[in-house]
Number of protein chains: 2
Amino acid sequence: MATGDDRTTRARVRTITDLARIAGVSPGTVSRALAGKSLVNAKTREKIVGLAREHGFRPNQMASGLRRQKTGVIGVVIPLGHDARQQISDSFFMTLLGYLADELTQEGYDLMLRRVVPGEDADWLDRFIGSGMIDGVIVIGQSDQFALIEDVADGYLPMVVWGNHKEGQRHCVVGTDNRLGGRLAAERLIAAGARRLAFLGDTGPIEFAARFAGAEDAASRMGVSLVALPTLLSPDRASEEIAAHLAAHEGEIDGIFAATDTLAALCLAALREGGIAVPETVRLVGFDDLPIARQTAPPLTTIRQDIAAGAHGLVQLLLRRLAGEETESLVLPPQLVIRQSA
Amino acid sequence: MATGDDRTTRARVRTITDLARIAGVSPGTVSRALAGKSLVNAKTREKIVGLAREHGFRPNQMASGLRRQKTGVIGVVIPLGHDARQQISDSFFMTLLGYLADELTQEGYDLMLRRVVPGEDADWLDRFIGSGMIDGVIVIGQSDQFALIEDVADGYLPMVVWGNHKEGQRHCVVGTDNRLGGRLAAERLIAAGARRLAFLGDTGPIEFAARFAGAEDAASRMGVSLVALPTLLSPDRASEEIAAHLAAHEGEIDGIFAATDTLAALCLAALREGGIAVPETVRLVGFDDLPIARQTAPPLTTIRQDIAAGAHGLVQLLLRRLAGEETESLVLPPQLVIRQSA
DNA sequence: AGGAATCTTGCAAACGTTTGCAAATTTCCC
DNA sequence: GGGAAATTTGCAAACGTTTGCAAGATTCCT
């Protein structure tokens, strides 16, 4: 057996031409056989496929990509607006990335990942698209690059973005209805007895701004107060910042809507530290429904984003755009998950 | 201005030949100019680079890759041994992935991500390597594929694996000294007053087995007992399982070493549920030092893996292997982080 | 049996870069 | 000013695959 293997494997077969020589046919035929085209005789195909397997041959994707003018690779890019956001956003974006990997694999695409810092590289999106390495691109998070993305969208069809939907925008986006989510959160706090609300989080990023706006909608409709407690979101500083906010508003707040479960968890720790009972004294609602939401004490009431559905939507829309179709954006409904913090 | 732009951009310049025509030189010269080679006259280069920028031209990476026989892409593959492990492993692996993305970008490489289920696709590693799309590969986690990875390592140099180091193995691995970590955990539990220890986690995966072995070392040396409480690690079932374990060993255990912070967090919840005081009645130590470890109540004492250092090591070793060097494995020291759970 | 219709195959030209080689140009030195 | 040396360019052949076209086999029908 070993000798047999040695003999057949002796000259490594790396190209379709090598295989053609061994099989006694032309390279074109091998190509057609391996591609499973119907233009090749069944017996010939069988023989070629057998030989390919035996020699562990796989056609070179680069050459194939070059010739066919498509690569079978989808680019996934995460713009990091300010470094500070990076760590906080990780948990959510990374989970989304995992689902994306699964969805794309299932559709036969590979995934090329890039993190970029737009500040250092104004050209990030064009560069990725122009590289010729990817058939389409998924942008995870608009960060502060809304305008640039809009520009690119005008001349480049196969792009889908995870983020917030804004009336009349030109790029195709998939995302949760943040405003509705914010409303649900505030309504829950109010239903749980809160009358003096606070929003914990930076209102700069567009998604967070929408969550805040939704909360404002509910608060003003129900006639309760709402104050914004901006945080830098830098993971090291967030804890102190939150504690400072809580101290500054001691006794003036009885319901907190955190922009993110991660922030909510930190907030919960700060409240515990301060001896403030949750949910008795202060009610708390998070956003995302990350795994951590289940594991805090008490478990977090939160607004769930359906990450799996989001990934699915991103990929399906992208596929249709790859086929040349102009697609609409997709706005997913958030869902209130009641646990024990509110 | 608009007219000027229109005129120059009129015929989209997509290939190096297009640009050559405009610049009045040969394609070869353009190629050399853009590559920054010294064989081209400074003035010519300047002109060409200027035109390239003006027209937003970027050389096609596929063609370049094909010709140069290198792609500038590193494959990162996550084998999912059994589906069950997937979700639990996410938190740690995804963080590692983030750091890898940064390290690789910094070195000028792109990252191609693949998740594979070895059970469904026995050929996963060869297929990735043979695709011709990547210059090297980083495997995140050995899962249950140790033997297969060893085989591949014999014939393929540019591969580095995150995982456990085993005496005499042939593939280059970067990872934490799990056994030492296990010892540190057990020693901490004992120092905190525990005498009847338990290990919470599946001892199947090789990393976890090593952690358990390390704990055994310490336990037997110090003359305390240690029992293994295997868990399936499927996220839905884990909670119930842990609760069952705790109930079964009620009062017989005063120190728990959880294989993972995620498990430790679940365990903490179960203990709280059962009204068992931590760390007074039962001491608890986790592993990884994930962000969550800081946010539980009480915060977790845990064994820290330096993920950033791991990512750095993986990339540096891979680079040396790409240069043809045979490299040794890299074993990183774990670090005990004392918080309040033990 | 003879030709039309259908299958299979081979040929050769792409896909867009890079690069060894040699030709053309410039610079330098005596 | 003349030739050697150095610099700058162009030419054309790769890299490994796919695919339109046409030629060669087969099959089928009358």
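Which unit do β8(A), helix α12 (residues 261-273) of chain A and β9(A) make? They form a right-handed β-α-β unit. The legends below describe a predicted model, in which local features need pLDDT of at least 70, side-chain atom pairs count only at pLDDT 80 or more, and totals for chains, interfaces and linings use all residues. Residues are numbered from 1 along each chain as its sequence is written, chains are lettered from A and ligands numbered from 1 in the order in which they are written, and side-chain values use heavy atoms, with hydrogens and water left out.

**View 1. Strand β9(A) and its two parallel partners.** Helices (H or I, at least four residues) and strands (E, at least two) are DSSP runs, numbered from the N terminus. Strand β9 (residues 283-288) of chain A has 6 of its 6 residues buried (under 20% relative accessible area, with exposed over 50% and partly exposed in between; 1.4 Å probe, protein chains only). Strand β8 (residues 255-258) of chain A pairs with β9(A) in the parallel sense over 3 bridges, pairing requiring at least two DSSP bridges between the strands. Gly255(A) is opposite Arg283(A) of β9(A). Strand β10 (residues 301-304) of chain A is also parallel to β9(A), over 4 bridges, and Thr302(A) of β10(A) is the bridge partner of Gly286(A). The crossover is termed right-handed because, with the strands pointing away from the viewer, the path from the first strand over the helix to the second runs clockwise.

**View 2. Helix α9 (residues 178-191) of chain A.** The end C-alpha atoms of α9(A) are 20 Å apart, in agreement with the 20 Å that its 14 residues should span at 1.5 Å a residue; the expected span is 1.5 Å times one less than the number of residues. Buried residues of α9(A) include Asn178(A), Gly181(A), Leu184(A) and Ile190(A). Gly193(A), which follows the helix, has a positive phi, near 110°.

**View 3. Protein surroundings of DNA strand D.** DNA strand D is surrounded by 27 residues, each with a heavy atom within 4 Å of the strand. Among the closest are Arg14(A), Arg67(A) and Ser26(B). The largest share of this surface, 4 residues, comes from α5(A).

**View 4. Polar contacts to DNA strand D from chain B.** Polar contacts are pairs of N or O atoms within 3.5 Å. A polar backbone atom of Ser26(B) is 2.7 Å from a phosphate oxygen of DNA strand D. For Asn41(B), a backbone N or O atom is 3.1 Å from a phosphate oxygen. Arg67(B) places a polar side-chain atom 3.1 Å from a base nitrogen.

Key:
Polar contact = N/O pair within 3.5 Å; in protein donor to acceptor, adjacent residues only side chain to side chain.
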